[in-house]
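Visitor: I would like a close look at one part of this protein. Please take me through it slowly.

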Amino acid sequence: HQEMPFDLLVEELNPARSSAHHPIFQVTVAVGSQGQGLVPEFGGVEARVQSVALGAAKFDLAFGFVEQRDGDGASAGLSGVVEFATDVFDEGTVRALVDVVVRVLGAMAADPGAVVGRSVELTEDEREALTDRSGSEVLVEPVEDVVEGAVLSPRQEILAGLFADLLGVDSVGVRENFFRAGGNSLLALR
């Protein structure tokens, strides 16, 4: 439903609000096409499109890709840019992620029928920089016999206390979602 106004979507979904992250998503990927119509016309006044650095990231991570065309209009590859929130990612982690994305795109271009998850193996350094250091989305593994007011195990008590401290709240529940409670990837790493 990309034609739906974003403000209406946010109003309809009414997500929990937090200044720590965007209410709907934290990562975006945009793909465009280089070609005619990108430069606005102003009645004979010469104009050109120019990138402007905002100095702040709108999302935790944003990939922008533009399909390049040669003089005959044939596809000539992709160019891309990545923007990231420095309070969530460091440059080394983003560079490792970009290297993996470039390898995945290359593998998929070479074999469009390949399964993405099997097309590229991560190196040990990449695994350390990207997937193993990410935070868990739930506070603890769900336990079927845990009910409200139940006594927590020492491990659950410690984790709940740590997450409450990170979130700046008095307490969190065993089944509470860390990210929906205002947490983000950077806090989860702590």
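Visitor: Is Glu91 buried, partly exposed or exposed, and what is its relative accessible area?

Guide: Glu91 is partly exposed, and its relative accessible area is 45%. Here are the cut-offs: buried means under 20% relative accessible area, exposed means over 50%, and partly exposed lies in between (1.4 Å probe, protein chains only). A word on the model: it is predicted, local features need pLDDT of at least 70, side-chain atom pairs count only at pLDDT 80 or more, and totals for chains, interfaces and linings use all residues. Residues are numbered from 1 along each chain as its sequence is written, and side-chain values use heavy atoms, with hydrogens and water left out.

Now the partner. The side chain of Glu91 meets that of Arg95 in a salt bridge, at 2.7 Å from N to O. The term means a side-chain nitrogen of Lys or Arg within 4 Å of a carboxyl oxygen of Asp or Glu. Arg95 is exposed, with a relative accessible area of 54%. Both residues sit in helix 2 (residues 91–110). Helices are DSSP runs (H or I, at least four residues), numbered from the N terminus. Because Arg95 and Glu91 are four residues apart there, about one helical turn separates them.

The structure holds two salt bridges. Glu67 and Arg69 also pair through their side chains, at 3.1 Å from N to O. Glu67 is partly exposed at 22% relative accessibility. Arg69 is partly exposed too, with a relative accessible area of 35%.

Key:
Helix = DSSP H or I, 4+ residues; strand = E, 2+ residues; numbered from the N terminus.
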